[in-house]
Amino acid sequence: MNIQQFCEKCASLKAVTEHFPFDEDTLVFKVGGKMFAMTSLQDWENDKPSTNLKCDPEVADELRAQYDDIVPGYHMNKKHWNTIYINKGVSDKLIAKFIHDSYDLVFASLTKKAQSEISEMQN
């Protein structure tokens, strides 16, 4: 997976916005104003790409035990976020699934009104 594929996967989900809230390096993807994915552009340039994705806490522990390249979220709530090292031991297909899962978790945490407004939007 390259940075373009990663960004396209995140941006393909409904009502996603891209931001640089922390610095010029850290790209954040949000739905309904809440973050679901984060990555460092510099890490991609240095051929050490990773992403932080939200994850169900029980699933997060299972994934960390199963994959060496999935660890507790760097600079994040370790219970709810994983850092996934890309182009290592986790397939692109699985990373795409984790992006979608993260989006779904964050979407589910939005107010019913926000969920309804997003659901009614054209993609």
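Predicted model: local features only at pLDDT ≥ 70, side-chain atom pairs only at ≥ 80, totals over all residues.
Q: What makes Asp 69 a residue without a salt bridge?
A: The cut-off is a side-chain nitrogen of Lys or Arg within 4 Å of a carboxyl oxygen of Asp or Glu. For Asp 69, the nearest side chain of opposite charge is Lys 88, and that is 6.0 Å away, so the buried Asp 69 goes without a salt bridge.

Q: Which residues does Asp 69 touch, leaving out those up to four places away in sequence?
A: Thr 83, Ile 84, Tyr 85, Lys 88, Gly 89 and Val 90. Lys 88 is thus on the contact list, and contact asks for heavy atoms within 4.5 Å.

Q: How do you know that Arg 64 and Asp 61 form a salt bridge?
A: Their side chains come to 3.5 Å, N to O, and the limit is 4 Å, so the pair qualifies. Both residues belong to helix 3, three residues apart, or about one turn of the helix.

Q: What makes Lys 97 and Asp 101 a salt bridge?
A: Their closest N and O atoms are 2.6 Å apart, which is within the 4 Å that the term requires, so the pair counts. These two lie in helix 4, four residues apart, about one turn of the helix. A search of the whole structure finds two salt bridges.

Q: Why is the phi of Ala 15 worth a remark?
A: Most residues other than glycine have a negative phi. Ala 15 is not a glycine, yet its phi is positive, about 65 degrees. Ala 15 sits in the loop between helix 1 (3–11) and strand 1 (16–19), and at 23% relative accessible area it is partly exposed.

Q: Which other residue has a positive phi although it is not a glycine?
A: Asn 87, again with about 65 degrees. Its place is the loop between strand 6 (81–85) and helix 4 (92–109), and at 40% relative accessibility Asn 87 is partly exposed.

Q: Why are strand 1 and strand 5 said to stand at the edges?
A: The open sheet has six strands in the order 1-2-3-4-6-5, with antiparallel pairing. Strand 1 and strand 5 each have a single partner strand, so one side of each is left without a neighbour in the sheet.

Q: How do you know that strand 2 and strand 3 pair?
A: Pairing takes at least two bridges between strands, and strand 2 (residues 26–31) and strand 3 (residues 34–40) have six, in the antiparallel sense. One of the bridge pairs is Val 31 with Lys 34 in strand 3.

Note on methods
Residues numbered from 1 in each chain as written. Heavy atoms only, no water. Buried < 20%, exposed > 50% of the residue type's maximum accessible area, 1.4 Å probe, protein only. Lys, Arg positive; Asp, Glu negative; His and termini not counted.
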